[in-house]
Amino acid sequence: FETTYDDCWLRYDRVDDALRPGYRRRLTHAYVSEGAPELGAVRAELRRGLEGLLGREPHLWQHPPRSVDSFLAIGHPEEMRPISETIDVDEAWNLADGGFLIRTVEWEGQECTVLTASSDRGLVYGTFHLLRLVATGEPIDDLDVREEPANENRIVNHWDNPFRRSVERGYAGQSIFDWERLPDVRERYFDYARLLASVGIDGVVPNNVNTGIPSRPTENDAVADRAGWQLLARENLEKLEALASVFRRYGIRIYLSVNYAAPIRLGGLETADPLDPGVRQWWKDKVDEIYEIVPDFGGFLVKADSEGQPGPYDYDRSHAEGANVLGEAFEGHDGRVWWRAFVYSEHDDRAVQAYEAFSHIDGEFHDNVTVQIKNGPIDFQPREPISTLFGAMPETSLGCELQLTGEYTGQGVHTASHVPMWKEILEFDTHGDGEERTVKDVLADVEGQGIAGVGVVGEDESWTGNHLLQSNLYGFGRLCWDPDLSSEEITREWARQTFGGDEQVVETVTDILLDSWHACIDYHTGGLGLMHMMYNGEEALENHYDPAPWEWPEYHGATAEGIGVDRTSSGSGYAAQYRDPLTELYDDPESCPEELLLFFHHLPWEYELTDGTTVIQRLYDNLHAGAATVDDLRERWLDLEGSVDERRHRHVTARFDEHALQAKRWRDTLCTYFYEKSGVPDERGRVPTE
Ligand code: GCW
């Protein structure tokens, strides 16, 4: 049987009585062109959305309705009147894939809202856009909307282990993807596809990048449990097509994470050397086979030579050589290879490693390859400096990898919005070609670029473990679509659709989320650029949740004399990997932004900050401030009792109870540790309570 689950932001609660007549007038009659499967999704969403929002389903017409004052028309530019007669057809066809126009026009004496696009998925996005306008109470009487996605690819990367159905770094229950039961499809796939399409996401990688098998059989083939590599076998490709057929209706393409040693493990070859002609042929045949089964297949995602995964280094080949054999296999097909830059190298400081492996091979990648770079050089910490690779590979298609799931930000428990963090990342100026070049510009400029987000959903009723964390999935899609939206706009939009029209609730929820990220940084790190102070755990799937600053001292550099890591040009050299003037900015502790100070510098505990406070005192203060903010967020949430439905109120309250305790644990553990290392007490006399 199927579990029940939340509607998230697609609740379609009835709109205010006062607004309803206006919307009904415009939307009760709808004419949607025939054709592609996406149009079926458009019709179904209109029925469902308008039934909820306006209390009645629309009349769906096969032709423009004649006897009504006003109607909605959805279709491709030339395909149907009135669109072909009221819209600039060239403008519509020239929209980027996924783009759409929604305009209020007059046609033969009738009022008409036309929605058109250059692609079927554009019509899906436009439909969700229109429904969002209604759900958020926006006027629709005089629309002139022209939307195009800023990023060409907007993909969710699931770290879901097929067959076993566990989710690496997932905190919301089992994987929603049930490979045993495929090709039978679940209702939940459709609802997931709706959630994704409603915010413009156009790709899903359903399996973990850890595909679970090294080049050669080892004694530890228990990792075969994670057996993503098996998905390339024919019987599983047929299952994949069943999944793809659901997502396709919403304009979403399915991808696969693949194992670099697949030619050996699956193909029975002796080697997976990318320069071996047999290997080349094997990949080519495999990709051809996939397209026979899944005609709109999106491509491969690859984690190679990283954390035990096989890769081109096994054969002394570079990442470019390794990726290109796959890129070539996609020639003649509309798909690409997303090659992750999350690799380690020999250097002592992990921060410099990805750049060392990749920057010198800029320009060597096949056109069908995108290099996918994590936002920071460490690993999805609450705040990191921006990866130096974004300013270092102008000749390569780049993708930015963000994390929706909260591996280091409180997992499925803490309320931590990642939206403000992602804004900071995308707005960061890399100074790439000597002038202003933000990460979002770097991404926007090349073909085959995009943003990938490590997924957050699981079988849980709430999808994300904590209802408020649904906002990260929502915000991810909205930002990929339009990185110029503000965190506030996105969060407010989400809150309004998720919790209804009560202004007080919308305001409070929005503020809670917007304040949550800074709190998260403060109690997890002390706010001066330290990171990675969590407990690792003993099992293969570690904990990464509890505080344990003693476990990885090399990441924070605390000694009796001082704290921080010297990553300046004369230290590990991370700062030197940036373009000017960033190197200079970070190299000097006087100009280095305070929030990253100890990432770049090892400083005496009593080093004075610009306002005269010492480093150690600032750490104490921030750790306390972070935990205090969490108490405050919790109070604000408690005040909403009675204004939010009881089920969700209780659920989030339980998360906040735990969050408040954990924030204090982090505060106390770190304060105690810093005190023990430095011997400098908190001048405000706040003695750790644990
Ligand atoms: O730091 C690590 C995570 C792993 C993850 C890896 C990666 C999927 O802890 O769980 O593996 O990052 O991004 O590949």
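Helices (H or I, at least four residues) and strands (E, at least two) are DSSP runs, numbered from the N terminus. The model described here is predicted, so that local features need pLDDT of at least 70 and side-chain atom pairs count only at pLDDT 80 or more, whereas totals for chains, interfaces and linings use all residues. Residues are numbered from 1 along each chain as its sequence is written, and side-chain values use heavy atoms, with hydrogens and water left out.

Most residues other than glycine have a negative phi, and most peptide bonds are trans. Against this background, the peptide bond from R81 to P82 is cis, with omega near 0 degrees, and P82 is found in the loop between β3 (70-75) and α3 (83-86). A cis peptide bond, with omega about 0 degrees, also joins D580 and P581; P581 lies in the loop between β15 (562-563) and α18 (582-587).

Positive phi values occur at Y12, where phi is near 55 degrees, and at E307, where phi is about 50 degrees. Y12 belongs to the segment before α1 (20-27) and, with a relative accessible area of 8%, is buried (buried means under 20%, exposed over 50% and partly exposed in between, with a 1.4 Å probe and protein chains only). E307, in the loop between β10 (299-302) and α10 (319-329), counts as partly exposed at 44% relative accessibility.

By domain assignment, whose bounds come from an automatic or database source, the chain is divided into domain 1 (20-147), domain 2 (153-499) and domain 3 (522-565 + 602-678). The C-alpha centres of domain 1 and domain 3 lie 48 Å apart.
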